[in-house]
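Dear colleague,

I am handing over the structure we spoke of, and my notes on it follow below. Please keep it open beside the text while you read.

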Amino acid sequence: MDYDKGYEFEKYALKLFESNDWDIEHLSPDLSSEIGRRIKSDSDPDIVVKNKIRNLKFALECKFRSHFWVHSDGKKSLKWAEDYQIENYLKFEEETDTQVYIFLGINNPEKPERTFLIPLKAIKKRTYFYEDYIQRFEKRINEPFRLECRILKLFPFGRKIRFIL
């Protein structure tokens, strides 16, 4: 069931890359569990895209969660990954010289209530996110990914966030 929701959220993410602007370079098949043995590429981020005009690429690890939980300290939080997964993404980033972003969707995988685009560098090996920390990375729902010059732009709630690729 979680696999199905994750797959649906990945399909949602792919729709945000307009075909006239982006090439899909890689989609992780996530077949290890189906064939009963480890596939090295399954530990890579889910999606790698390249901008057709600027020839710049980045990777997305898509994570869907139904909701935030109330942490023991009273703040809303969620667990997004295990330590070994974060290490895999850091290794991928280093070996391929491709920036990795966590694309997080909340509530409904096909029509998320909220989405966040979080640079792996901003995570600092945290396996949990506090809602108040990731609010600055919130991405407008259904807004296509845009690259201007070397800057991946987000426009959450009327302000600009720039991630340099």
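**A buried glutamate and its contacts**

Not counting residues up to four places away in sequence, Glu-93 touches Thr-98, Gln-99, Val-100, Leu-120 and Lys-121, where contact means heavy atoms within 4.5 Å. Glu-93 is found in helix α3, and at 11% relative accessibility Glu-93 counts as buried. Buried here means under 20% relative accessible area, with exposed being over 50% and partly exposed lying in between, for a 1.4 Å probe and protein chains only. Helices (H or I, at least four residues) and strands (E, at least two) are DSSP runs, numbered from the N terminus.

Before you read on, please note that this is a predicted model, in which local features need pLDDT of at least 70 and side-chain atom pairs count only at pLDDT 80 or more, while totals for chains, interfaces and linings use all residues. Residues are numbered from 1 along each chain as its sequence is written, and side-chain values use heavy atoms, with hydrogens and water left out.

**The sheet**

The strands form an open sheet of six, in the order β1-β2-β3-β6-β7-β9, with mixed pairing; two strands pair if DSSP finds at least two bridges between them. The edges are taken by β1 (22-27) and β9 (138-139), each of which has a single partner strand, so one side of each is left without a neighbour in the sheet.

Strand β1 runs antiparallel to β2 (residues 47-51), and five bridges join the two. Within this pairing, Asp-23 has Lys-50 of β2 as its bridge partner, and Ile-24 stands opposite Val-49 in β2. Val-49 also has a bridge partner in β3, namely Phe-58, and the antiparallel strands β2 and β3 are joined by four bridges. The hairpin of β2 and β3 has five residues between the strands, and in this hairpin Asn-55 takes a positive phi near 60 degrees.

Strand β2 is mostly covered, since four of its five residues are buried. Asn-51 is found in this strand and is buried, with a relative accessible area of 5%. Leaving aside neighbours within four places in sequence, Asn-51 is in contact with Asp-21, Trp-22, Leu-56 and Leu-147.

**Two nonpolar cores**

A nonpolar core is taken as a set of buried Ala, Val, Leu, Ile, Met, Phe, Trp, Tyr and Cys residues joined through side-chain atoms within 4.5 Å. The largest such core has 22 residues, of which Trp-80, Ile-118, Phe-129 and Ile-134 touch the most other members. Two or more residues each are given to this core by α3 (83-96), β6 (99-106), β7 (114-119), α4 (120-123) and α5 (131-134), and the largest share, four residues, comes from β6. A second, separate core of 18 residues includes Ala-13, Phe-103, Leu-117 and Leu-147.

As for Phe-129, its contacts beyond four places in sequence are Lys-76, Ser-77, Leu-78, Trp-80, Leu-104, Ile-118, Ile-123 and Ile-134.

**Aromatic pairs**

The structure holds 15 aromatic pairs. Rings of Phe, Tyr and Trp (its six-membered ring) pair if their centres lie within 6.5 Å, and planes under 30 degrees apart count as stacked, over 60 as edge-to-face and the rest as tilted. Phe-9 and Phe-64 form a tilted pair, at 6.4 Å centre to centre and 45 degrees between the planes. This pair links distant parts of the chain, with Phe-9 in helix α1 (residues 2-15) and Phe-64 in strand β3 (residues 57-65), 55 residues apart. Phe-9 is buried, with a relative accessible area of 0%, and Phe-64 is buried too, at 9%.

The rings of Phe-9 and Phe-103 have their centres 5.1 Å apart and their planes at 20 degrees, so this pair is stacked. Phe-103 lies in strand β6, 94 residues apart from Phe-9 in helix α1. Ring pairs link Phe-9, Tyr-12, Phe-17, Trp-22, Phe-58, Phe-64, Tyr-101, Phe-103 and Phe-145 into a cluster.

**Charges over rings**

A charge sits over a ring if NZ of Lys or CZ of Arg is within 6 Å of the ring centre and within 35 degrees of the ring normal. Arg-126 lies over the face of Tyr-133, at 4.5 Å from the ring centre, and the charged end of Lys-139 sits over the ring of Phe-145, 4.7 Å from its centre.

With best regards
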